[in-house]
Amino acid sequence: MGSGLLSLRIGQDALTATGRLGLALYGADVAAADGQTAAVRMPLLPDGGGIATAWLGEGPVVSGRHGQLHYCHNADYLFGCVSLREQDFTPSADTSALQQASELIYILLFEVLTKTGFPCLLRCWNYLPSINHDDGGLERYRQFNIGRQDAFIAAGQAWLDGAPSACALGTAEGELLLYFLAGHVAPVPIENPRQTSAYRYPQQYGPRSPTFSRASVLRAPAQTVLFISGTAAIVGHASMHPGDVLAQTRETLANIEALLESSAEALGKRLRLPDLCLKVFMRHPGDLPVVMDVLAAHGADPARSFYLQADVCRAELLVEIEAFGF
Ligand code: 3EB
């Protein structure tokens with residue numbers, strides 16, 4: 001165990017590549033042909049359409065289902081995907097439908113990790129509609145954080161040091177969606193010296209902290225993989241440069257540079273921005289030229305990057321970037 005290669009394929013051949021563990025489609029109108037495909041409904045910039053990303057492994061795969069969660073694994077890695085309709089939950093005096101759905105989605109995830117014997121969560125991708133909307137006195141991202149943290153605690157999972165790398169982005173509409181990767185080898189969690197760890201954010205950002213690490217390094221015998229979580233213009237725990245997308249993009253890249261530095265030891269090499277696959281989210285599509293200019297100036301590889309319109313989890317943040325390095 002732990003010897004198969006994990007890789008990411010972006011673009012048309014993601015749809016036909018062999019050894020596929022899971023597929024995520026991004027675009028305003030994408031639809032999932034089966035339960036094992038995550039359809040993330042966010043406009044692709046600049047021209048619309050959609051883009052496919054596939055996580056690939058080696059060797060025979062086994063797929064299965066646990067309630068609404070679909071999964072597929074080879075000997076080394078498991079990909080899981082689940083979406084839930086908030087309308088199927090009944091809010092109570094102290095829990096919103098979204099909080100309940102968020103808790104259940106992570107309960108299902110941890111049950112699958114136990115059932116399949118892949119105990120180590122590597123990376124989580126969270127998508128929720130209207131993430132900044134305040135319904136019933138608490139912003140929806142903060143409701144999500146309560147449900148997610150409750151599920152981590154109930155499962156006896158680390159939600160401080162050792163929490164997985166993650167992102168959480170807002171879609172215009174649709175279901176609560178989670179897809180994730182798990183394995184047999186615990187990744188090395190990486191924090192950013194420029195930022196307060198998200199699991200130690202003070203209460204002003206919500207009653208419960210988010211449960212993610214700034215990055216994580218997977219050290220398998222055959223390869224190392226760097227997962228950089230969704231990264232924004234946060235320094236300490238404060239959002240920087242409100243209203244200034246240029247400065248926010250530069251600050252975000254400074255945070256990514258800091259993560260490349262702090263991950264170098266675990267990774268055994270110092271990756272640079274041009275080495276990374278980037279997924280870039282911006283709140284306003286009109287900011288695309290500015291964001292692309294900053295990325296080009298820093299040497300980001302356009303062949304391995306794509307841009308989406310999405311809401312970022314604090315209303316004042318205009319841009320967020322996540323990355324993978326191999
Ligand atoms: C931040 O740094 C920006 O809730 O899983 C980034 C990555 C963010 C992951 C999550 C949120 C999450 O706080 C937001």
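1. The chain carries 23 positive and 32 negative charges, and their mean positions lie 4 Å apart. In this count Lys and Arg are positive and Asp and Glu negative, with His and the chain ends not counted; each charge is placed at NZ of Lys, CZ of Arg, CG of Asp or CD of Glu.

2. The model is predicted: local features need pLDDT of at least 70 and side-chain atom pairs pLDDT 80 or more, whereas totals for chains, interfaces and linings use all residues. Residues are numbered from 1 along each chain as its sequence is written, and side-chain values use heavy atoms, without hydrogens and water.

3. There are 4 helices and 21 strands in the chain (DSSP runs, H or I of at least four residues and E of at least two, numbered from the N terminus). The radius of gyration is 18 Å, close to the 20 Å of the globule rule for 326 residues, so the chain is as compact as a globular protein of that length (C-alpha atoms; the rule is 2.2 Å times the number of residues to the power 0.38).

4. Of the 326 residues, 57% are buried, meaning under 20% relative accessible area with a 1.4 Å probe and protein chains only; exposed is over 50%, and partly exposed lies in between. Among contacts (heavy atoms within 4.5 Å) with a separation of 6 or more, 75% join residues 24 or more positions apart.

5. Arginine 272 sits in the loop between helix H3 (245-267) and strand E19 (277-282). Its relative accessibility is 48%, so arginine 272 counts as partly exposed. Histidine 237 is 35 residues from arginine 272 in sequence and 25 Å from it in space, C-alpha to C-alpha.
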